[in-house]
Amino acid sequence: MTSPRRNTAPSWRPMGLTEYPVLGALSLAPAHGYDLFRFLDHHLRDICRFGRSQTYAVLNRLEQEGMARHHKVDQDNLPSKKVFEITSIGEELLAAWVKSPVAHIRDLRVEFLVKLFFAGLKSSEVREDLLRYQLEVCRRKAQRLEELKAGCRNRIELVAIEYRTAIVLATDKWLKGLLEANSFPCTLP
């Protein structure tokens, strides 16, 4: 005899870079899918692009996984529209994501910048913490690359490590500049 299934929370798959920005926008205020698309396009288009249909698909996934919910709003002479809002589960996942640095330097170009945008909207403290955590990741990477230099077997390995080191050091300098300047408030118009 099998035991009845318990109603447990869904097990979430790791989310990608499409879900977090939508959750971030929902954390600011409930919104219709098209309004979310316009918000993301306006504020993040130079970092990453979102399609309108992609935004609706992400909203549906977030709702299925318990991170967002909707209610219908009646409109005169038009079909009802769905207005989405973030759930407490979505808020928790978003907060954890925004606070965590990216593991790879290549992820600074898109993921980190999106995190930085939403961290700045939360508070200057959240933004500064993210910058400090990311600086620590860069410092550890620089140390590891120095250790790898000692074990190089040939010139091309050394050149490759020197290249990676230069990128990490430039990133470190850029992050320090952002932290010291503290002059890039991410406020909404």
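Reader: Taking axes as lines fitted to C-alpha atoms, for helices over the stretch in contact, with angles from 0 to 180 degrees between N-to-C directions, at what angle do α4 and α5 pack?

Author: In this predicted model, where local features need pLDDT of at least 70, side-chain atom pairs count only at pLDDT 80 or more, and totals for chains, interfaces and linings use all residues, α4 and α5 pack at about 115 degrees, and their axes lie 9 Å apart. That angle makes α4 roughly perpendicular to α5 (under 35 degrees is roughly parallel, over 145 roughly antiparallel, 65 to 115 roughly perpendicular, the rest oblique).

Reader: OK, and which residues make that contact?

Author: With contact meaning heavy atoms within 4.5 Å, α4 contributes E91, L94, W97 and V98, while α5 contributes E111, V114, K115, F118, A119 and K122. Residues are numbered from 1 along each chain as its sequence is written, and side-chain values use heavy atoms, leaving out hydrogens and water.

Reader: How many residues does α5 have, then, and how far does it reach?

Author: Helix α5 runs over residues 111-122, which gives it 12 residues, and from its first C-alpha to its last it reaches 17 Å. Helices (H or I, at least four residues) and strands (E, at least two) are DSSP runs, numbered from the N terminus.

Reader: Why is α5 largely enclosed?

Author: Because nine of its 12 residues are buried, α5 is largely enclosed by the rest of the structure; buried means under 20% relative accessible area, exposed over 50%, partly exposed in between (1.4 Å probe, protein chains only). The buried residues of α5 are F112, V114, K115, L116, F117, F118, A119, G120 and L121.

Reader: And what covers them?

Author: The cover over the buried residues of α5 includes α1 (19-28), α2 (33-44), α4 (88-99), α6 (124-150) and α7 (155-181).

Reader: Of those, how do α6 and α7 pack?

Author: Helices α6 and α7 pack at an angle of about 160 degrees, with 9 Å between their axes, and they are therefore roughly antiparallel to each other.

Reader: Is E128 buried or exposed?

Author: E128, which is found in helix α6, has 19% relative accessibility and so counts as buried. Setting aside its neighbours within four places in sequence, E128 is in contact with L179 and N182.

Reader: Switching topic, what is phi of N77, and where does that residue sit?

Author: Phi of N77 is near 55 degrees, a positive value in a residue other than glycine. N77 lies in the loop between β2 (68-75) and β3 (78-86), and because its relative accessibility is 83%, N77 counts as exposed.

Definitions and conventions. The expected span of a helix is 1.5 Å times one less than its number of residues.
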